[in-house]
Amino acid sequence: MDSNIKSSIQVQREREELVDKLKKEAILQNIGRLLYIFMTLFSKKEVLKKLGKREGQEVQMNFPALSPPLENPCLTFILSEHPSDPYMGPAKNPVLTITYNVEIEELFSTLNTMVTKKSLFGLIISMLKDLRNKKMKTKGSLRASLLFSKLFLIGDNEMYQQKD
Amino acid sequence: MIYLSEHKIIPYEILYETLSNSNDLIFSAIPDQEMHVLKSFVQNIKDTMERNINHSLEGLPIVGHHFSFPMELFIGCFDIVPICFEGVSYLLSALLTLGSEPYYDIAENFGHPYHTCTSQKGVIGMTLNKLFEFDAIITPTAPCDNTMASYPFFKWWNDTPLIIGDMPTPHDLRSTRYFKEEMEQMVNELGNVIGQEPDYERLRKTIAHHNQALEYQAEINELKKAKPCPFESVLCPAIAGSVPLLHGKELAQFFKEVVDIGRKRYESGIRPWGEEKIRSVWPYMSVLFDIAMCEWMDRELGMTVLFDMFSYSFFDPINIESDLDTLLMGLSNQALNYPMTRQSATFADPFIDDSVFLAKEYDANCAIFTSHLGCKQSVSLIQIIRESLREQCGIPMLTIDLDVGDKRFTSAQTIRKEIKNFVLTLNL
């Protein structure tokens with residue numbers, strides 16, 4: 001009887017852990033999918049077309065708030081004129097690594113702030129603020145950082161000027 | 001293995017988490033006037049997921065079901081948590097970078113053939129990973145061989161009661177009566193399994209809401225005739241997802257919101273995403289693993305997707321004042337005409353006729369057929385549908401080989417390239 005109860009509690013704990021891990025994986029994948037959608041639909045096409053030598057380079061985004069249970073909570077984007085979903089996991093040779101040091105609850109609002117800036121200048125100011133507050137940390141090429149930011153800058157898309 | 005009552009529907013918990021986050025970001029990052037249909041869809045599905053999770057925690061029986069079936073019958077009669085197999089697999093495909101791919105792989109590694117439909121393969125993988133705990137599963141023997149070959153897995157794997165309604169191949173009055181009796185049998189069997197008596201009075205109320213949803217859907221169909229079409233193309237996959245996941249009142253609510261959006265746009269003539277240059281019909285399914293595909297067609301190509309197989313239902317409403325026999329006959333008639341069952345579970349004529357009718361009635365310039373790996377019976381019709389559309393409507397049809405729920409077969413980039421090249425040939 002006792003062993004049955006123990007086993008039942010153990011099973012329940014394992015399921016709790018499994019649910020937590022799957023939910024955090026889902027958050028990571030969902031961030032990747034939404035950023036991919038924003039990039040392909042709303043960012044400036046010229047930026048994608050002028051990648052030049054950056055074509056094929058990797059940019060890694062880290063989200064430490066999702067660890068644990070995830071061992072390596074990061075997304076890797078491959079810069080390309082024809083972008084695809086980022087993959088889960090670290091880059092082999094990242095030209096830029098961005099780390100978001102925010103709680104899970106703040107992740108999506110932080111991303112929202114990043115993508116909806118109306119100009120690159122606004123985005124840089126916001127990034128500098130985040131860097132100073134240690135909400136964000138970057139490692140790698142400054143130019144790659146600016147280029148990558150431009151890819152997600154949808155705030156100057158014409159849809160923000162229209163009214164229904 | 002015995003689990004406690006919590007976490008019996010883990011994929012729904014994941015979906016709820018994902019939809020909540022997507023909802024937050026879409027509402028905050030996308031301007032108010034944009035993507036109304038997608039916003040409404042995400043909000044309504046999220047609310048339904050939340051309700052289902054709460055009902056599961058309350059201990060209501062978990063009933064898995066096939067998407068191509070009027071679940072109003074069972075939701076009206078019983079207190080259950082309905083889990084749509086196909087909806088789970090494909091919603092995850094739309095919202096996550098890996099989608100349901102890890103679960104397809106689990107099912108395939110277990111021995112399930114790679115060429116079966118991903119719509120059920122996802123839930124097979126999830127069940128093998130112990131993410132679902134069903135009390136019963138219900139399905140008709142339609143619309144395809146995949147269904148009939150995949151659903152018995154659950155009975156075999158962990159002896160979950162599997163309740164099957166035998167659907168005849170001809171879809172005539174005699175078949176309607178036959179399937180009505182099958183449905184009654186299914187209700188009785190499910191009642192026995194979950195220990196509940198069917199509440200036919202509540203069923204009437206559920207059907208009343210469903211009738212309302214059908215009226216709204218008829219209005220959506222009418223509004224689509226307008227040029228330009230007042231809806232975003234994403235409405236097609238949104239309807240495909242909403243019909244099996246939202247029921248009765250919830251479905252009526254979603255369709256009402258869509259109608260309101262359409263009316264407003266029709267009257268104002270404003271389409272925030274731009275000019276309509278091409279009107280397309282998709283005789284088969286939309287690409288479900290890339291939710292951005294429809295927006296891309298709207299914005300980059302000016303191409304509207306008017307219909308896919310799931311987004312038109314020309315059902316007659318059911319008279320809720322009628323006796324039970326007539327009520328069930330109405331539901332049986334709907335079951336025989338449910339999206340995909342109507343086109344695939346009988347002789348090929350409705351599939352061809354519907355494709356031609358939609359292209360003519362809605363003045364389409366072209367058609368695009370997604371040749372889904374799992375759907376052998378539809379692939380056999382591609383050439384006939386292409387010739388019918390060319391001869392009777394004078395429009396060309398592009399065929400794209402893919403798996404609608406698994407981007408590893410044909411990538412989103414390849415599909416977009418094919419559509420782009422096809423558009424160049426249209427000379428519009």
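This is a predicted model: local features need pLDDT of at least 70, side-chain atom pairs count only at pLDDT 80 or more; totals for chains, interfaces and linings use all residues.
**A parallel sheet and a chain contact in chain B**

B:I137 stands opposite B:L162, a residue of strand β4(B). Strand β3 of chain B, which covers residues 136–140, pairs with β4(B) in the parallel sense, and four bridges join the two strands.

The pairing of β3 and β4 belongs to an open sheet of four strands in chain B. Read across the sheet, the order is β2-β1-β3-β4, with parallel pairing. The edges are formed by β2 (81–84) and β4 (162–165) of chain B, each of which pairs on one side only. From one strand to the next, the twist averages 25 degrees.

A helix accompanies this sheet. Helix α9 of chain B, residues 173–194, packs on the sheet and touches both β3 and β4 of chain B. The direction of α9 makes about 170 degrees with that of β4(B).

The second topic is the contact between the chains. Chain B contributes 33 residues to this contact and chain A contributes 32 residues. On the side of chain B that touches chain A, the elements giving two or more residues are α1 (10–29), α13 (292–301) and α19 (412–424) of chain B. Which of these elements provides the largest share? Helix α1(B) does, with 11 residues. Sorted by class, the side of chain B that touches chain A holds 18 nonpolar, nine polar and six charged residues.

Notes:
Residues are numbered from 1 along each chain as its sequence is written. Chains are lettered from A and ligands numbered from 1 in the order in which they are written. Two residues are in contact if their C-beta atoms, placed from the backbone, lie within 7 Å. Ala, Val, Leu, Ile, Met, Phe, Trp, Tyr, Cys and Pro count as nonpolar, Asp, Glu, Lys and Arg as charged, and the others, Gly among them, as polar. Two strands pair if DSSP finds at least two bridges between them. Axes are lines fitted to C-alpha atoms, for helices over the stretch in contact, and angles run from 0 to 180 degrees between N-to-C directions.
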